[in-house]
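Please look through the sequence and the model shown here before reading on. The paragraphs below are meant to be followed with both in view.

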Amino acid sequence: MGKSTGFMEFQRELPGDRSPLERVLDWQEFHEHLPTHKLQEQGGRCMDCGVPFCHTGTLLSGMASGCPVNNLIPEWNDLVFRGLWKEALERLHKTNNFPEFTGRVCPAPCEGACVLGIIDPPVTIKNIECAIVDKGFEQGWIVAQPPTQRTGKKVAVIGSGPSGLACAAQLNRAGHLVTVYERADRIGGLLMYGIPNMKLDKTIVQRRIDLLAQEGVVFITNTAVGIDLSVSKLREDVDAIVLCCGATKPRDLLIPGRDLKGIHFAMEFLHANTQRLLDSDVKNSAYISATDKNVVVIGGGDTGTDCVGTSMRHQCKSLTQFELLPQPSDVRQSDNPWPEWPKVYRIDYGQQEAAAHFGADPRTYLIMTEKFEGDKNGNVTKLHTIDVEWVVGDNGGFSPQKIAGTEKVWPADLVLLAMGFVGPEDAIFEALGIERDVRSNAKTDEGSYRTNVDGVFAAGDMRRGQSLVVWAINEGRASARECDRYLMGTTRLP
C-alpha cells in the first residue's frame with residue numbers, strides 16, 4: 001500500500017493551525033490544509049504492513065485501538081498516493097457515513113495502532129481522511145442518493161447525534177421510511193451543540209443533514225419523545241424505534257457551595273454559546289459569558305478543552321483547568337504498549353490558546369476541589385482545593401488521597417463542570433419501560449441491539465456509555481442493520 005519505500009523517504013507532516021492569538025478572535029475552524037502533493041506523500045508513508053491494525057477497531061485496556069468503524073485505511077491511503085481521490089472517497093464511504101465529522105473531531109485511535117508507529121511517527125490517517133471527504137464535496141462528487149425502492153416499513157429514530165444520524169442514513173438506504181426526532185431546535189445532537197464551531201463548523205454538519213433530508217429522511221425538531229409526543233402514539237405509527245438519545249446526564253460535584261450562581265455544567269455553557277453564534281452571530285447576550293472573568297474548568301477531557309477554547313474567545317481574565325489524574329508522560333510507558341491508545345502528554349487547541357495568551361498550559365494536575373465560596377449576592381467568587389496522590393487500596397485499585405498542607409484558594413467568577421457523564425436521562429426509559437444495565441445504560445441483547453421491549457432498539461452512548469463520535473457511528477450503523485433484520489427477516493446492510 002502507498003509507496004513501498006515511502007515511510008523511509010517522507011517524514012510525518014501535519015498541516016499548520018492558525019495562530020492561537022489570531023484564531024481566538026473568531027469562531028472559525030482553526031486547522032489549515034496541506035497541499036495535494038503533500039497529502040499524496042503522506043498517503044505514500046502507509047506501509048505494506050501485512051496486518052493493518054489501524055482498522056481493527058477493538059478495545060485494549062478499556063481504550064479504542066484501531067478504527068471503530070473499520071475504515072479501509074491502507075486502501076484509501078494507496079489511492080490518495082496514486083491521485084485517485086474519487087475512488088478513495090468511495091472506499092471511505094463504504095465504512096463511514098460521516099468522515100467529515102470524524103476527520104475533524106476523532107482522536108484517531110487508528111494512528112495509535114498504526115504499525116509504522118512502532119518505530120516512527122504514524123501515518124497522518126485522520127488528516128488524509130478529512131482531505132478525502134472535503135475534496136469530495138468540493139468536486140461535487142457527494143450528492144443525494146435516495147433509495148430506488150421503498151419497503152413501506154416506518155422507523156422512528158429518537159436522537160439526532162452521530163449514532164442517530166448514522167442509523168437513519170443506513171435504514172433509509174435500506175428503503176425504510178425514517179423519521180428522526182430531536183428535542184433541540186436543530187438537528188445534530190452533540191455534533192451541533194456539544195462541539196464548538198471552531199472545532200466542527202456547523203455548516204459542515206448542516207450540509208450532511210440537508211443531504212440526508214434530500215435522500216428522504218424526515219427530521220422533526222423541538223420534540224421530546226415521551227413529553228411532547230406520546231410514546232404509545234408513536235409506537236402505533238411505526239414498525240420499529242431506535243433510541244439514540246446519548247448519555248447526557250452530567251457528573252455533578254456535590255460539595256459545599258455548589259448552589260452558588262456562576263457554576264455551570266459544561267454542556268449548558270457550550271450549547272448556549274453555539275446557539276448564540278448560530279442565531280445572532282454572537283450579537284445577543286442570552287448566553288453564559290466568560291468575558292473578564294476568572295474561569296476555572298474542572299475536568300481535563302475533550303469537553304473541558306472545548307470550555308477552555310470557548311472561554312478564550314470570550315476574552316476571560318484568567319483561566320485554570322483542574323485534572324484529578326497525574327500528568328501523562330511524554331512517551332509511552334512499558335504498561336501502555338503498542339497498539340494500545342498511547343497515554344502521553346498532549347496539548348490540545350484550547351490549551352495552546354491559553355498558553356499563548358497567559359504564558360503557560362492552564363492545566364493543574366492531581367488536584368481536587370473541596371468547596372466553593374461566594375459573595376453576599378450568592379455569586380461564586382472562590383474555590384478551595386487540595387492536592388492528591390493516587391494510592392493503591394486493599395482491593396488493589398487506585399484512589400485519590402488528599403495531601404495535608406496543600407490547600408489552596410483560587411479566584412473563580414465562572415466554574416465549568418466538565419467531568420464527564422454518568423448515563424442517559426430517565427424520561428424515555430420510564431415512558432417505554434426499557435431495562436437498564438448495571439451502569440444505567442439501555443440493556444440490550446448481545447449483538448442484536450434489541451431492548452426488552454419488542455421492536456425497540458438502542459445504540460450509541462445511550463447503550464455503551466459516554467464514548468467517541470466514531471463509536472457512536474459504529475453503533476448507529478450496527479443497530480440499523482439489526483433493525484433492518486427485525487423488519488425484513490434478513491439484511492444487506494454492512
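This is a predicted model: local features need pLDDT of at least 70, side-chain atom pairs count only at pLDDT 80 or more; totals for chains, interfaces and linings use all residues.

Residues are numbered from 1 along each chain as its sequence is written, and side-chain values use heavy atoms, with hydrogens and water left out.

The protein contains 18 helices and 18 strands, where helices (H or I, at least four residues) and strands (E, at least two) are DSSP runs numbered from the N terminus. Its C-alpha atoms fill a box of roughly 70 × 65 × 55 Å, taken along the principal axes. A compact globule with 494 residues would have a radius of gyration near 23 Å, and the protein agrees with this because its own value is 23 Å; the radius is taken over C-alpha atoms, and the globule rule is 2.2 Å times the number of residues to the power 0.38. Of the 494 residues, 52% are buried, a class that means under 20% relative accessible area, with exposed meaning over 50% and partly exposed lying in between (1.4 Å probe, protein chains only). Among contacts (heavy atoms within 4.5 Å) with a separation of 6 or more, 68% come from residues 24 or more positions apart. The protein exposes about 21700 Å², of which carbon and sulfur atoms supply 50%; accessible areas come from the Shrake-Rupley method with a 1.4 Å probe, and for residues only the protein chains shown count as cover.

Strand 8 pairs with strand 16 (residues 414–417) in the parallel sense over three bridges, and Ile263 has Val415 of strand 16 as its bridge partner.

Side chains of opposite charge can pair when their charged atoms come close. The structure holds 27 salt bridges, each defined by a side-chain nitrogen of Lys or Arg within 4 Å of a carboxyl oxygen of Asp or Glu. In one of them, the side chains of Glu75 and Arg91 meet at 2.6 Å, N to O. Because Glu75 lies in helix 4 (residues 73–81) and Arg91 in helix 5 (residues 85–95), this pair ties together parts that are 16 residues apart in sequence. Glu75 is partly exposed, at 29% relative accessible area, and Arg91 is likewise partly exposed at 29%.

Another salt bridge joins Glu425 and Arg183 at 2.8 Å, N to O. Glu425 belongs to the loop between strand 17 (421–423) and helix 16 (427–432), and Arg183 to the loop between strand 4 (177–181) and helix 10 (190–193), so the pair ties together parts that are 242 residues apart in sequence. Glu425 is partly exposed, with a relative accessible area of 32%. The side chains of Asp426 and Arg436 also form a salt bridge (2.8 Å, N to O). Here Asp426 sits in the loop between strand 17 and helix 16 and Arg436 in the loop between helix 16 and strand 18 (456–458), so the parts tied together are ten residues apart in sequence. Both are partly exposed, Asp426 at 30% and Arg436 at 29%. Elsewhere, salt bridges that share partners join Arg18, Glu22 and Asp26 into one network.

Most residues other than glycine have a negative phi, and most peptide bonds are trans. Trp338 and Pro339, however, are joined by a cis peptide bond, with omega about 5 degrees, and Pro339 is found in the loop between strand 10 (318–323) and helix 15 (349–358). Asp281 has a positive phi, near 55 degrees; this residue lies in the loop between helix 13 and strand 9 (294–298) and is partly exposed, at 46% relative accessible area. Tyr449 also has a positive phi, near 65 degrees, and lies in the loop between helix 16 and strand 18, where Tyr449 is buried, with a relative accessible area of 9%.

Notes
Two strands pair if DSSP finds at least two bridges between them.
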